[in-house]
Amino acid sequence: VGGRYFVAIGGPCAVESREQTLFVARRVKASGAHVLRGGAFKPRTNPYSFQGLGEEGLKILAEARAETGLPFVTEALDLEGLELVERYADAIQIGARNMQNFPLLRAAGQARKPVMLKRGFQATLEELLLAAEYVLAGGNFDVVLCERGIRTFSDFSRNTLDLGLVPAAKALTHLPVIVDPSHASGRRDLVVPLSRAAAAVGGDGIMVEVHGDPGCALCDGTQAVTTEAFSTLVTEVGRVADAVDRPLLQPETRRRKVAVGQFF
Ligand SMILES: [Mn+2]
């Protein structure tokens, strides 16, 4: 993330079951995504909502990685969860609600896995960069920033996607910046156009929630796109990414490289 290519991350909000996660993982892989997402520890507004499968969910994500070859990113909610997530995952997500959880940021700075830091929905750009600084100061330099919408007076969407933050952050830091159009909007009909905009504005990637049956999702169903819609989304985003000279990394290119490596 942050190189020449635009990166697509897709997967369910929450790991609900082995079947649901493997189904989505296979489909996002076939759509050309590069990274799988999925929550095993869910920070829910309502304490009675589904809280995630915990370590069992991490094992399911690891199985999906073994089958598809997709690395995965998943959220660590607290210090205990961070140890588990670091052990299983390829990248550690610090969620919007934890953006200023300083003990967690310090611990992530000691981790030996990349950290994806999501902007708090009330955080300024400076606060986001200083939160990232906690991780960097610990010696972990692999930090990706994620714009996921802020709370405004707008009443038609869950949050307001602050696209201007992407070039503003990139002007101040070398860190890659990706966009989460799912949590930013809360509406699946806005996810595709906002994904295209993320590529156009110079983002380094997108992270999108995908579900095999969004109507039955245990978490964030209204913003999840179907696997079919995700496939279309990747194609459309790819066109915009080409136009701004940040093409999507092509799975075929990677396969050829692997094939050459095996040949020699
Ligand atoms: Mn979600």
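Is arginine 65 buried, partly exposed or exposed, and at what relative accessibility? Arginine 65 counts as partly exposed, at 23% relative accessibility; buried means under 20% relative accessible area, exposed over 50%, and partly exposed in between (1.4 Å probe, protein chains only).

The model is predicted, so local features need pLDDT of at least 70 and side-chain atom pairs count only at pLDDT 80 or more, while totals for chains, interfaces and linings use all residues. Residues are numbered from 1 along each chain as its sequence is written, and side-chain values use heavy atoms, with hydrogens and water left out.

**View A. Salt bridge between aspartate 90 and arginine 65.** Aspartate 90 lies in the loop between helix H3 (79-88) and strand S4 (91-94) and arginine 65 in helix H2, so the pair ties together parts that are 25 residues apart in sequence. Helices (H or I, at least four residues) and strands (E, at least two) are DSSP runs, numbered from the N terminus. Aspartate 90 is partly exposed, at 27% relative accessible area.

**View B. Salt bridge between arginine 18 and glutamate 63.** The side chains meet at 2.5 Å, N to O. Because arginine 18 belongs to helix H1 (residues 18-30) and glutamate 63 to helix H2 (residues 55-68), the contact ties together parts 45 residues apart in sequence. Arginine 18 is partly exposed, with a relative accessible area of 39%, and glutamate 63 is partly exposed at 31%.

**View C. Salt bridge between glutamate 236 and arginine 196.** The closest N and O atoms are 2.5 Å apart. Glutamate 236 sits in helix H9 (residues 227-243) and arginine 196 in helix H8 (residues 188-200), so parts 40 residues apart in sequence are tied together. Glutamate 236 is partly exposed at 21% relative accessibility, as is arginine 196 at 32%.

**View D. Network of Arg119, Glu147 and Asp162.** Salt bridges that share partners join these residues into one network. The structure holds 13 salt bridges.

**View E. Manganese site.** Cys13 (SG), His183 (NE2), Glu209 (OE) and Asp220 (OD) coordinate the manganese ion at 2.0 to 2.4 Å. Donors are N, O and S atoms within 2.8 Å of the metal (3.2 Å for Na, K and Ca); water is not among the atoms, so sites may look incomplete. Along the chain, the donors follow the spacing C-x169-H-x25-E-x10-D. Cysteine 13 is buried, with a relative accessible area of 5%, and glutamate 209 is buried at 1%.

Terms used
Salt bridge = Lys/Arg side-chain N within 4 Å of Asp/Glu carboxyl O.
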